[in-house]
Amino acid sequence: MINLLKKRLTIASSLLCVAFTFLFVDGSAMGGNQTKLAAVNLRTEYKHNPIGLGMANPRLSWEMQDSERGSMQQAYQIRCAATAAELKNKADLLWNTDWVESDQSNQLAYAGQKLASGERVYWQVRIRNNRGKESAWSEPVFFELGLLSHADWKAQWIEPKLDEDVSKSTPSPYLRRTFQAPKPISKATAFVTCHGLYELSMNGSKVSDDLFTPGWTSYQERLQYQAYDVTGLLAKGENAIGVVLGDGWYRGFLVWQGNKNTYGENVALLFQLQIEYADGTSEMICSDENWKAGTGPILKSDIYNGETYDARLEQTGWNTAGFDDREWNGVETKDYGYDNLVASDGVPVQVIQRIQPIEKIITPKGELVFDFGQNLVGWVHFKLKGNKGDKVVLNHAEVLDQEGNFYTANLRVAKAEDEYIFKGDGVESYAPRFTFHGFRYVKISDYPGEVTVDDLEACVVHSAMTETGDFVCSDTLVNRLQKNIQWGLRGNFLDVPTDCPQRDERLGWTGDAQVFAPTACFNVDAASFYTKWMQDFPVDQKENGSVPWVVPNVVKDGGGTGWSDGFGATAWADASVIIPWTVYRAYGDTGILERQYASMKGWEEYMIRESGDNYVFSAGFHFGDWLAFAEYYSYYYNAPDYGYAGANTDKELIATAYFYHTTGLMQKTAEILGKKEDAARYAAILPKIKEAFNREFVTETGRLTSGTQTAYVLALCFKLLPENLVPVVAKRLADDVNHFGHLTTGFVGTPLLCQALSDYGYPDVAYKLLFNKRYPSWLYPVTKGATTIWERWDCIKPDGSFQDVGMNSFNHYAYGAVGNWLYQTVAGLQEDPAVAGYKKFVVKPVPTEQLQFAKANYQSIYGEIRSGWERKEDAFVQTVEVPANTSAKIYLLANDATSVSENGKPISNRKDIAIAGRDGDYLVVEVGSGTYSFQIQNSN
Ligand code: BGC
């Protein structure tokens with residue numbers, strides 16, 4: 001393949017690099033827009049102007065901007081003050097670092113004057129580059145602390161006094177109270193959480209766009225509260241607070257057996273409003289016995305089943321001051337304490353986009369169905385007219401069946417049904433709030449009027465993470481695969497990483513999350529999202545260190561399976577170590593390693609104990625290579641494999657391979673954190689596990705006891721083999737793929753399959769898998785019209801029928817883990833193995849003749865990185881963008897330096913490009929920041 005690149009290329013033309021600029025959407029390939037030296041994109045704990053932070057020393061980050069090539073930060077100065085004015089006047093500074101000689105621009109912990117709960121800090125930074133040039137002070141930004149101590153909570157937990165049958169979904173409670181603000185208000189902050197879900201409004205307006213608050217955590221020990229700046233919603237005089245509560249994860253239906261009331265039977269509110277008056281005095285309005293409770297139009301709200309809303313029951317003005325609540329009930333105060341309260345570390349869930357239907361369909365069964373053209377997660381917002389008492393029912397489905405009928409069997413018992421009853425008041429606009437659906441199609445029934453595509457829009461709901469990366473190449477199907485990976489991510493990052501968003505499951509499956517995490521970190525800024533979720537691991541971990549299948553762990557006792565207690569499955573439980581490590585690698589964040597260390601170590605020590613003296617990890621139940629290619633398909637493919645038992649990889653082989661891999665990460669983590677004893681202990685154990693793996697699962701001639709692709713992949717990628725067997729096993733892997741003509745891997749092998757092939761000498765075989773359109777493959781679902789990643793390779797079988805309804809999700813991201821390889825290998829954008837957070841990175845594409853070009857962009861914590869290559873008629877062009885304050889090692893597909901020009905000039909003897917030597921087919925160069933366009937004209 002690489003030989004092909006070496007074909008004679010003629011005519012150097014500086015025009016080539018101009019032509020190549022189209023690769024970058026903003027046309028910045030020719031050196032980028034000239035940017036002045038500046039510190040931009042200031043963040044505190046990954047967020048812009050966050051309030052309610054849960055730590056006293058949050059970490060500050062910025063990006064260095066400088067269009068000069070090779071620009072590094074030499075020094076920085078941070079200053080902080082309590083107000084923007086003080087910052088400007090340099091008066092009463094809370095912290096002034098003076099100039100610090102350092103290139104650190106990320107995650108610098110605030111180390112100024114001690115801060116108290118609720119304190120706001122304005123900060124700015126200026127930087128000096130390696131040429132001695134100083135930037136101006138950055139624009140000021142701020143952060144604000146939350147309630148750092150439980151003693152800061154004065155509010156009381158309240159529960160509505162309502163007659164409820166909690167064995168089923170009951171009407172959503174509405175809570176309200178009014179209060180007098182005697183003086184002009186200068187600042188007001190609301191701290192709020194609940195049992196269930198809440199929607200908070202003040203004087204008739206919602207306080208934020210956040211949804212599904214307070215989020216899902218292991219509530220028994222960690223219940224998040226949110227902080228909102230509500231200054232603009234309140235005024236001197238009479239004010240009203242209104243809260244609607246939903247069942248949510250707390251007491252709604254959850255887990256797959258009609259299970260309800262997982263955390264408790266009653267919803268409850270905890271609310272504390274801290275008001276500062278302009279005259280310097282302050283006051284607190286809290287949840288207490290003075291609140292009123294009633295019900296309203298939301299008759300049912302359930303995550304799996306949907307929402308029923310009777311608009312006739314709306315109580316106009318219920319959350320405003322003048323409302324007459326004499327008929328409402330009271331509330332009961334409860335002593336639930338504050339011990340489990342924690343600030344919100346995650347990313348709020350919001351409506352992120354809105355999509356119009358692309359088609360109105362009458363199905364063969366005569367049902368009215370709208371197609372949104374994209375399998376998505378959220379709900380439908382409609383604007384329709386009806387007479388009082390008319391209704392409209394919306395059902396949600398991911399697919400139509402072979403006949404074109406609406407298909408919901410794969411949702412299992414999740415009803416995914418929203419029902420609205422009209423009040424008869426002109427055009428009525430409605431969207432649910434305490435439920436979400438995974439769907440592409442919506443069926444509309446029971447509505448007497450006409451519905452058009454203009455009456456509906458789908459609201460796409462997920463955690464509002466910044467999208468940070470994209471991959472594009474010259475193959476439209478692969479591009480669609482990339483889009484499907486991104487949509488799978490959107491659909492399954494709803495406060496926790498879920499397995500699927502549509503059926504009666506939607507749980508934080510650890511294995512799925514683990515395999516997908518590296519891909520996620522390319523596509524979105526996932527640091528805060530994972531930081532929040534990982535903190536529930538130690539809560540739900542057993543005392544012996546074993547980690548549950550799902551976090552938050554709601555699958556008690558293995559979900560009543562009888563064959564497992566729901567803990568300790570290899571590759572699932574390893575999420576406890578692999579995800580913190582992945583976040584550390586992507587964002588250079590040692591904080592997550594520190595915070596998770598006890599949990600990580602718990603799992604590691606569990607494996608060590610359980611594997612005993614022979615270092616084979618076999619204890620407990622394991623899912624193994626979940627959903628790998630199975631037996632009956634060999635029938636579909638006809639002989640020679642008819643009778644093939646399926647790609648069953650020995651679970652002990654997988655578990656021991658993961659034991660080794662995780663122990664390696666533990667050793668590195670312990671080293672980074674300065675835990676020398678642990679590092680030495682794990683370093684000593686590693687060769688023992690490796691020896692055990694080879695003793696038990698590898699023959700001297702390089703056969704594995706399971707001759708499956710997954711077994712080969714793990715042995716190679718986790719570096720378990722003796723040197724001499726590496727090429728043998730790599731060849732067996734390639735032979736196996738060639739023999740079948742397709743992949744046979746499940747959740748465990750799939751994420752690393754192409755990586756193993758391309759890293760160990762068979763990139764052409766990896767590409768064969770990528771471009772395969774026959775089942776089983778990544779593109780097979782694409783050819784079947786998939787707009788997300790499927791749970792199985794054949795959710796729709798080649799004959800058009802569906803897989804088993806028991807487990808047939810059309811939105812499961814695990815197989816989308818190949819996305820990591822698209823970025824890293826096809827486009828070549830890789831982390832430097834020795835340096836985390838892309839402070840240094842590697843650009844090493846492995847092109848294929850089947851692609852004309854491939855490119856990836858990634859918004860790293862230092863700024864935008866781009867890597868792209870294109871096969872031009874007379875040159876092979878590689879383009880790389882390196883942000884300021886970073887450097888890159890670039891692998892050029894060039895015979896030697898004389899066949900390369902950059903920006904029209906030779907690359908030898910240049911200050912901005914250092915030639916580091918050859919590595920296989922590549923010429924390696926090292927560069928500092930800047931945008932580089934290399935034209936390569938190999939002479940043979
Ligand atoms: C889920 C997963 C999960 C698996 C366990 C399924 O029900 O949807 O994706 O990892 O069970 O193997």
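This report covers the overall build of the chain and some of its salt bridges.

The model is predicted: local features need pLDDT of at least 70, side-chain atom pairs count only at pLDDT 80 or more, and totals for chains, interfaces and linings use all residues. Residues are numbered from 1 along each chain as its sequence is written, and side-chain values use heavy atoms, leaving out hydrogens and water.

**Overall build**

The chain has 19 helices and 46 strands. These are DSSP runs, numbered from the N terminus: helices are H or I with at least four residues, strands are E with at least two. Buried residues make up 63% of the 940 residues. Buried means under 20% relative accessible area, exposed over 50%, and partly exposed in between (1.4 Å probe, protein chains only).

**Salt bridges**

The structure holds 53 salt bridges. Each is a side-chain nitrogen of Lys or Arg within 4 Å of a carboxyl oxygen of Asp or Glu.

| Pair | Closest N and O atoms |
|---|---|
| Asp279 and Lys183 | 3.0 Å |
| Glu307 and Arg433 | 3.5 Å |

Asp279 lies in the loop between β16 and β17, and Lys183 in the loop between β10 and β11, so the pair ties together parts 96 residues apart in sequence. Asp279 is partly exposed at 48%. Lys183 is partly exposed too, at 26%.

Glu307 sits in strand β20 and Arg433 in the loop between β30 and β31, so this pair links parts 126 residues apart in sequence. Both Glu307 and Arg433 are buried.

Arg490 belongs to helix α5. Arg490 is buried at 9%, whereas Glu467 is partly exposed at 47%.
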